[in-house]
Amino acid sequence: MAKRLNVRLGDLLIEKGIITQAQLDQVLKEKEESGGFFAQALIRLGIVTEEKVLPILAEQLGIEYVRVNSLQVDRTAIEKVPARFAVYYKLMPVRFEDNLLTVAIADPLDVHTLDDLRLLINCKIRPVLASEKEILEGINKYYGVGAETIERIIDDVPLEKKPARAGFETQDLADLSEDASIIKFVNQLLLGAYNDRATDIHIEPFQDSLRARYRIDGILYETPIPPTIKQFQDAIVSRIKIMASLNIAERRLPQDGRIKVKVEGKELDLRVSVLPTPYGESVDIRLLSTDILLDLKSIGFTEEDLAVIGTVIKKPHGIVFLTGPTGSGKTTTLYAMLNSINATSKKILTIEDPIEYMLYGIIQMQVQPKIDFTFATGLRSMLRHDPDVMMVGEVRDFETAEIAIRSALTGHLVFSTLHTNDAAGAITRLLDMGVEPYLVSSSLESIIAQRLVRRICSQCKKEVILTPSVLKEMGVKEMMGIVKAAEGAGCEACKFTGYKGRTAIHEILILNEDLRDLVMERSGSNTIRLRAIEQGMRTLRESGWEKVKLGITTPSEVIRVTQQGALLDS
């Protein structure tokens, strides 16, 4: 029956011009060798997409084809089927009424699975066809990450081992065990974050629950986990501490550590922070990939910006500051700058906390406060190492600021970061630290303020007309005619957010003689900022407006990450 159906389906696909006879023969041979379902073999070999073949297959079988991602799933149906059963057999209950359970399944010819399910829940089963990828995503969404693992730990009833299907194996992250364990749950949580492009995982304890959230493109989203996970809270935290080489017995003090893992051949560096709370320990895991953007243009600088920055970073001496809040991409931009001037003719040294990415050809050091190896002590040692260029992860105090600035005055090019709201604010921050105005004025070459805005998803981008109220909030002066921009409608690719990925917007302040005089006079940051704007500096909001006009981001994103600045010209 199955063989005849495969041939009929193959002939139908040939008739519709979707595949060739040679491709059909290849699929039939592959299926004989590795088993599995005919449609999955087609998809696995990359001959057709699920969207093309599954509706045709459903028509042949006389069953309904559904998109799990767009269904309103019935919670009663979810409660009928245990998570471990759904994961094991790769099926998704979607609706239950009148003792009939509708189940999305990727292999409708697998009658044994349907019989097992019928016996398990003692009701009638109606199978519908769906893609395996969407079924697995639906299981994660409605049951929660690692739900089957938690069920098996609670029940201590292991399923018999089942061979993994080709194309759906994940081995690199500690080689996931088939046995139910906290180790496996933590691995699933990490893998889910990686697949969702998350930069952080937050595990947060409350009185009667445990919450997990992923930060994706700068925004926190709650990720579903089983409600029974609360009872394993301490075990989960202990597992993460073991991975990060932290003290599992210490639960009263904050701890920081690092973990290195591999996912799909890519190495990830995980930074772990553990904080004590009244309801247990809260954990943040930051995911850092070794695949980072080391090209200034890719980061978001315009051609005009690149010309200005290119001149600054090639100067023989002086200091360049990047400013912005935590998570605004300052370190990545610094690395890109260092990478662009990295050459055998230059000695480049960095001192960081921590070293986020290893750069070939650059000597990097990490501060160790426990042994009094601070930014200041590291800077002094760097000066005795014959450097041309130095990078200081962050200027936090007067001592570090003064040494960095004096280094810039003695023939070195220095890069560092400050936490200020805009570029001009960095000058007053240095003066407030106690650095003399003449040192700031004579050493400072440029200050670059940076923010990250989400990119509009390219797959669901649509044109919109901006309202006068939005233009006013953006600070845009009255413009003649209709002002068009873009936004994302929301789709599967962007998880219905309308955004996918991020880019940077910048405010670049170049110190000239006029501005140096204002620094010497201890002028306020607002005075310096307005003078810089008069001389052509583009504010963060203006930089954002340029990306809005290009259809890269939306006004709401720019407004979210920037302060109200000077009005834009039409």
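**Reading aromatic pairs**

Visitor: Does tyrosine 357 count as buried or exposed?

Guide: Tyrosine 357 counts as buried, at 11% relative accessibility; the term means under 20% relative accessible area, with exposed over 50% and partly exposed in between (1.4 Å probe, protein chains only). This is a predicted model, in which local features need pLDDT of at least 70 and side-chain atom pairs pLDDT 80 or more, whereas totals for chains, interfaces and linings use all residues. Residues are numbered from 1 along each chain as its sequence is written, and side-chain values use heavy atoms, without hydrogens or water.

Visitor: How many aromatic pairs does a search of the whole structure find?

Guide: A pair of aromatic rings is described by the distance of the centres and the angle of the planes. The search finds two pairs. In one of them, phenylalanine 85 and tyrosine 89 are tilted, at 4.5 Å centre to centre and 50° between the planes. Rings of Phe, Tyr and Trp (its six-membered ring) pair within 6.5 Å between centres; planes under 30 degrees apart are stacked, over 60 edge-to-face, the rest tilted.

Visitor: Where do phenylalanine 85 and tyrosine 89 lie?

Guide: Both belong to helix H6 (residues 83-89), four residues apart, about one turn of the helix. Helices (H or I, at least four residues) and strands (E, at least two) are DSSP runs, numbered from the N terminus. Phenylalanine 85 is buried, with a relative accessible area of 12%, and tyrosine 89 is buried at 18%.

Visitor: What kind of aromatic pair do tyrosine 335 and tyrosine 357 form?

Guide: Tyrosine 335 and tyrosine 357 are edge-to-face, 5.6 Å centre to centre with 75° between the planes. Tyrosine 335 lies in helix H14 (residues 330-341) and tyrosine 357 in the loop between strand S11 (348-352) and strand S12 (363-366), so the pair ties together parts 22 residues apart in sequence. Tyrosine 335 is buried, with a relative accessible area of 0%.
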